[in-house]
Amino acid sequence: MITDKVRKLVEDYRDVTIGIFGSHSAKEIGMSAKAWGFKTVVVVQRGRDKLYTKYNRWLYDEFIILDRFKDMINDEVQEKLREMNTIFIPNRSFAVYVGYDEIEKKFEVPIYGNRFLLRAEERNYERGQYYLLKKAGIRIPKEFKSPEEIDRLVIVKVQQAKNPLERAFFYANSPEDYYRQAEELIKAGVIDEEGLKNARIEEYVLGARFNANFHSYALKDVFGDFDFVGFSDRRQVNLQGFLNLPAKDQLKINVPVKNEEIGHFGVTMRESKQDMVYETAEKFIRTCEKEYPPGIIGLFGLQGAVAYSPEDDTKLEFVVFDVSMRVPGDPCIGPTSPEMRNLSLKHGVRIEDPLDLTMMEIKRALTDGRLPEIVT
């Protein structure tokens with residue numbers, strides 16, 4: 001099994017190079033790795049490399065430039081990474097562009113975290129995130145199996161036709177509204193029939209949105225179970241532009257709304273309501289340990305909203321829409337989160353970014369001869 005191979009491999013590591021995928025969160029990982037004294041290697045795709053090879057080259061000691069990201073699976077690339085004593089940090093782009101089968105069966109480079117959980121992020125996978133959330137007893141939005149069932153405001157989550165990383169959301173309040181908007185989006189080339197067939201239709205939860213971000217440890221005896229690192233929310237194109245207009249002017253524009261993530265901003269939550277977010281994370285971590293041993297190692301995010309309970313309209317609940325099973329790719333958390341100071345006090349070292357916790361655990365595992373416990 002691939003996990004046994006990579007765990008055997010790291011037993012001989014006397015130093016570590018942090019492996020980075022040149023997209024999504026590569027700058028953020030590079031900054032934390034260098035701040036913690038690690039060498040770094042970034043894998044980039046030709047034509048998409050300038051941000052790393054030119055504008056931020058001091059963050060990386062080595063560059064591996066490929067014609068296609070999928071070429072990471074080639075033996076010579078993997079061998080080079082192993083020769084550098086690489087521990088690879090997975091992000092969403094790595095999962096999408098390289099592919100789950102290749103990562104689980106062919107990528108024989110140690111990964112910090114649980115490589116088998118990456119696939120669980122897929123919304124249509126039978127043992128994916130919705131399966132895990134239900135097992136954990138976490139409230140998720142009501143799902144509608146067909147457009148004909150729509151009896152309230154829903155959000156339809158469809159894969160974009162030309163971008164494997166992003167979805168094109170739209171909102172509908174009836175079957176007729178659904179079919180009208182779907183037809184417009186297909187004509188505009190935003191989505192296609194295949195994407196629509198696999199779309200998820202779920203109730204639109206009226207609540208304040210929070211992306212709640214956490215770090216779960218492998219070395220729990222050293223660092224504890226998990227840490228909360230902060231809240232954030234998304235800025236999206238072209239939704240943000242619509243929301244900046246008064247309602248009367250929004251109605252003048254007949255352009256499909258896209259929810260393509262373009263950035264983030266930091267938010268906070270009242271302390272009296274934060275317990276429910278910690279408890280949600282704890283339930284999710286315990287479920288992942290049972291369903292995907294050894295469970296979550298490293299950063300993950302629970303994206304949702306705080307809304308009133310349908311059973312009790314005086315009670316607030318954290319409703320989870322989406323789960324990020326890896327680095328959330330949100331560089332605003334470090335600079336905007338009050339938790340960085342809190343975590344610096346807890347761990348006795350300066351924590352400036354959530355990925356500092358990843359580097360802290362890798363460094364401690366290296367020092368204590370426990371690297372096999374933190375990789376798969």
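Author: Buried area is the accessible area, taken with a 1.4 Å probe, that two parts lose on being put together, summed over both. In this predicted model, the area buried between domain 1 and domain 2 is about 620 Å². Carbon and sulfur atoms give 66% of that area.

The two partners belong to a division of the protein into domain 1 (2-111), domain 2 (129-139 + 207-352) and domain 3 (143-203). Taken over C-alpha atoms, the centres of domain 1 and domain 2 are separated by 26 Å. Nine residues from domain 1 and ten residues from domain 2 take part in the contact.

On the side of domain 1, H24, E28 and W36 lose the most area to domain 2, and together they account for 55% of what that side buries. The residues of domain 1 that touch domain 2 divide into three nonpolar, three polar and three charged. Between domain 1 and domain 2 the count of salt bridges is zero.

The largest cavity holds about 140 Å³ of space. It is lined by 18 residues, of which Y112, I297, L299, M325 and R326 are the closest to its centre. By class, this lining comprises eleven nonpolar, five polar and two charged residues. Domain 1 and domain 2 each supply at least three residues to the lining of the largest cavity.

The second largest cavity has a volume of about 40 Å³. Its lining consists of E28, N213, V229, L299, V327, P328, D330, I333, P354 and L355. Seven of these lining residues are nonpolar, one is polar and two are charged.

Two residues link these descriptions. E28, among the residues of domain 1 that lose the most area to domain 2, also lines the second largest cavity. L299 is among the residues closest to the centre of the largest cavity, and L299 lines the second largest cavity as well.

Conventions:
Residues are numbered from 1 along each chain as its sequence is written. This is a predicted model: local features need pLDDT of at least 70, side-chain atom pairs count only at pLDDT 80 or more; totals for chains, interfaces and linings use all residues. Side-chain values use heavy atoms; hydrogens and water are left out. On a 1 Å grid over the protein atoms alone, a cavity is a set of points where a 1.4 Å probe fits but cannot get out, and a pocket is an open set with protein on both sides within 12 Å along at least five of seven lines; lining residues have an atom within 4 Å of a point. Grid points are joined across faces, edges and corners, and a volume is the space filled by probe spheres set on the points. Ala, Val, Leu, Ile, Met, Phe, Trp, Tyr, Cys and Pro count as nonpolar, Asp, Glu, Lys and Arg as charged, and the others, Gly among them, as polar. Domain bounds come from an automatic or database domain assignment. Contact means heavy atoms within 4.5 Å. A salt bridge is a side-chain nitrogen of Lys or Arg within 4 Å of a carboxyl oxygen of Asp or Glu.
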